[in-house]
Amino acid sequence: MSIRSIVTGTGHYVPPRIVNNHDLGKLMDTSDAWIRERSGISERHHVDAGVGTSDLAVEASRRAMADAGAEPSSIDFIVAATLSPDHYFPGIGVLVQAKLGLGTIGALDVRNQCSGFIYALSAADQFIRTGAYKRILVVASEVQSTNLDFSDRGRDMSVLFGDGAGAVILEPGPADNGQGILSTHLYSQGQFAAQLWMEKPSPMDNPTFQAQFFEEGRFYPKMEGRNVFVNACTRMPEAVRAALAHNGLSIEDVDVLIPHQANDRISLMVAKGLGIPVEKVVRNIDRVGNTTAASIPIALDEAVKQGRIRKGHLVALTAFGSGFTWASALIRW
Ligand code: COA
């Protein structure tokens, strides 16, 4: 019998502190009108001191496990995606394992930034379909607010990003009833690595941490916003089209599209590029900002809980981000 991965539970968590555009306007030369017009964002959530990416991941994971009716002891593998781990090493997978009190199961960390959740989902999907694992926790989490440049110098980046986490539980199910992950498609183009990156710290420097880099702001994320924008608007539709063609499906078959919430203008361009009506597109960036790897599972959980995603629906996920990396996944709910 051929097997597919079924999403049996979803969950998300954002830290309680809301930072709106007016709050940011007190820190730098920006305005609520500029941020809303250029990105569609009104507010985002920021952690308080001492709260790490793994803490948000744990909350989202608890909610996803409860949604799936899965006892923590039944989870047999973790795939965790983030660009903002609590520590340089180890990754957050092991911290999630420890904080949830799980057994000594494997924990794989995925480093694919905004595409991280789909990369993580894809990895987990392979483990389920080969029969290696029976109940995988896939979690994506980010704390970005603690390393953004909230001065005028960093205003193009710091207004966009927010903190949060989302998780799903994957389990095997029979392929012949049509349900589950139909495919994942993953891409990269490293020639553009420096167009959206955090350049330092780098072990290529000796010593790695230098006061000069700090003064130059090189420990902050940097982005060539326009080229990222253009590539995001072309690569996400390409990835969705590849997924549909692979499964013999068409644009009309898509019930719900969840694009990575990078910028609401990008989401609308992706929908337009694909010819998908805007009513089918999940958009929550106004309330949470760009939460990088966490953005898709947060939006997915909201859409499921709101009843926008129902049994039998064809759900298309697509992401684009630093690397460059981009990806798509098709799920029959
Ligand atoms: N507030 C006010 N003005 C700002 C600003 C802010 N927060 N950030 C930038 N500006 C200014 C710029 O300095 C520029 O001023 P200038 O014309 O005097 O040089 C002006 O606004 C226009 O900048 P521009 O870069 O042309 O704006 P844009 O319409 O391209 O929007 C982004 C900027 C960052 C919102 C947009 O490029 C974007 O969304 N890029 C992709 C973001 C993304 O997806 N990133 C993550 C990938 S997953």
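Predicted model: local features only at pLDDT ≥ 70, side-chain atom pairs only at ≥ 80, totals over all residues.

Author: Let's start with Q113, which is buried, its relative accessible area being 12%. Buried here means under 20%, so 12% puts Q113 inside the cut-off.

Where does Q113 sit? Its place is in the loop between β5 (106–110) and α5 (116–129). Leaving out residues up to four places away in sequence, Q113 touches L83, T292, A293, S322 and G323. The backbone at Q113 deserves a look too: phi is near 50°, a positive value in a residue other than glycine. For background, most residues other than glycine have a negative phi.

One of the contacts of Q113 is T292, and phi of T292 is likewise a positive value, near 50°, again in a residue other than glycine. T292 is in the loop between α10 and α11 (295–305). With a relative accessibility of 1%, T292 counts as buried. So the contact between Q113 and T292 brings together a residue at 12% and one at 1%, and both have phi near 50°.

Which residues of α2 are buried? They are D32, I35 and S39. These three cover an arc of only 80° around the axis, so they lie on the same side of α2. Just after α2 comes G40, with a positive phi of about 80°.

Now for a helix pair. Helix α3 (residues 53–68) and helix α4 (residues 92–99) pack with their axes 9 Å apart, at an angle of about 55°. At that angle, α3 and α4 are therefore oblique to each other. The crossing of α3 past α4 is right-handed. On the α3 side the contact is made by T53, S54, D55, A57, V58, S61 and R62, and on the α4 side by I92, L95, V96 and K99. Sorted by type, the residues of this contact are 5 nonpolar, 3 polar and 3 charged.

Between β4 (77–81) and α4 there is a loop that holds P90, and the peptide bond joining F89 and P90 is cis, with omega about -5°. In general, most peptide bonds are trans. Another cis bond runs from K200 to P201, where omega is near 5°. P201 is in the loop between β9 and α7.

The loop between β9 (196–197) and α7 (211–215) also holds Q210. Is Q210 buried or partly exposed? At 22% relative accessibility, Q210 counts as partly exposed, since buried would need a value under 20%. Not counting residues up to four places away in sequence, Q210 touches D205 and F219.

Notes. Residues numbered from 1 in each chain as written. Heavy atoms only, no water. Axes fitted to C-alpha atoms, helices over the stretch in contact; angles between N-to-C directions. Helix = DSSP H or I, 4+ residues; strand = E, 2+ residues; numbered from the N terminus. Parallel < 35°, antiparallel > 145°, perpendicular 65-115°, else oblique. Left-handed = near helix turned anticlockwise from the far one by under 90°. Contact = heavy atoms within 4.5 Å. Nonpolar A, V, L, I, M, F, W, Y, C, P; charged D, E, K, R; others polar. Buried < 20%, exposed > 50% of the residue type's maximum accessible area, 1.4 Å probe, protein only. Arc of directions from axis to C-beta.
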